[in-house]
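This report covers the salt bridges of one protein model and the places of their partners in the fold. The structure comes first, then the pairs.

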Amino acid sequence: MKPPKKRNETPREGSVSEEVDVPPLFHEDPEIARDLKDLLPQLEVFDSVRPSRRIGTVVRARALRRERRKDRALGAWTFLWNLELALKRSIPLRLGLGLVFLLGAFLFFLGLFSQNPVSNPELWKEAGALRAKVSGNPLKGLGTEALPKKPLDSLAWIHSNNDLRMLRFLLRRRSGGEFSLRAAKQVGFDARSRQRVEFLGKTLVGFLEKRGMGRDDLNPSYEEVERDSLALKALLASGSTTRRGPHAAWVRKLLGRIEVWLPRLHGESLAVALGAYLEGALITNGQRVDVLSRELCRFTQEQAEGLRAYRHKQRGKGGTQRALGFLGTWASSVNSLAEAGLLLRLAPALSVSPEKASRLRQVFLQHLLLRTHSRGSQGIHARAALLFGYGDLVDPEPIRKGLIFFERNPQWLGTRNPTLYHLAWSLFPPKRGWARFEAALRRLIAGANPSNLRETAILLLAQTVYLAPYLGGR
């Protein structure tokens, strides 16, 4: 312990009185000593400050950076520097700048969609080999309207082009050696299903060999065109192409025969033939895409003329023979209407006017909706055709209410009408009630004994439902 201080000591001369405890550093100025009486003990508590060069280094670096920015004396740098400072300090300015960027992006995309897709060759290059390779204007001499410059019609062309590219991808994915290996594993195609596909494919080829190709009739009937079209689609669905697969030779023969028929076909026969030729053209590309585009433009033009003639006839203004090939009548087959719906969905990507294709597709859709109210098998066939060719335009749930019984018992649909494979391909990928329908479909196909070419092709198409080129609906 420190000894107590002696209070009787006499203060030195010039010092303050005993009432003030003066720090030893401020003998000369009693006022400062009084003010710092409590400060110095508090400062003595802190540790000593260690010398460091970091503060000086940071200050010099900031000063040099500031001098460099001043030395640039560039308007752009000065503007950006001031803008950065303003954005950090002003929230309304940041919001306004964000709105300006959003408005600019909206105007950019609006101008992009309002361009004419035909006049831009880069869009055709991106679409691959799907464009018809014609010289000059691809619509010249076909009697069709020029592709629209409106944003909505251009958007319809983009959707159609995307569907066409997706369909080509799905068709190539299931063809050749990929069918039995990669694609089969991805979709759960078991060994028994593959054996059934091989058996039905051999049976179909057997009927083709018995009938023989014979001479190519230049004016075939609708039944003959539909039979060969179903056979071609079934062989393509089983994994064969014009170059690969066990039935490549017959694919080439059927595809060549339909190609010879196309220029002389009209109406429902042309729609069914184009539905099968579409798959072959997308797999092989080349000149067949040109033929497909040309015949599809002719089909659309004939149907547009038939629609005008049909309406004139309904209004009592007289009709012409051109209305005979119009599909929007009760005399047309349901299969042709289903194929026409799919063709017109893809038509804008093949040099057909989107406005004309959309108008015709709406007309055929309304006609099929009327047919769904028919009693008996006609209403059932119309419902399955709606799901197959117009699934992106209708709500499927109300339509499927009339098909619940046939989804549980597909054997009542029969195997001589394309309705079976229309319904099977429309319910896949699996939707509500698919497991029950698939089990019933397996029993039907396993126990079926086809007696002709048409029946075999329909069963083979229904069996390959796992590899159906489904474009999707709503």
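At 22% relative accessibility, Glu302 counts as partly exposed; buried means under 20% relative accessible area, exposed over 50%, and partly exposed in between (1.4 Å probe, protein chains only). The model is predicted, so local features need pLDDT of at least 70 and side-chain atom pairs count only at pLDDT 80 or more, while totals for chains, interfaces and linings use all residues. Residues are numbered from 1 along each chain as its sequence is written, and side-chain values use heavy atoms, with hydrogens and water left out.

A salt bridge here is a side-chain nitrogen of Lys or Arg within 4 Å of a carboxyl oxygen of Asp or Glu. By this rule the count comes to 15 salt bridges. The table lists some of them.

| Pair | N to O distance |
|---|---|
| Asp228 and Arg257 | 3.1 Å |
| Lys233 and Glu279 | 3.9 Å |
| Arg298 and Glu302 | 3.0 Å |

Helices are DSSP runs (H or I, at least four residues), numbered from the N terminus.

Lys233 is buried, with a relative accessible area of 3%, and Glu279 is buried at 5% relative accessibility.

Arg298 and Glu302 are four residues apart in helix 13 (residues 287-314), a separation of about one helical turn. Elsewhere, salt bridges that share partners join Asp163, Arg345, Arg361 and Asp392 into one network.

Technical notes
Helix = DSSP H or I, 4+ residues; strand = E, 2+ residues; numbered from the N terminus.
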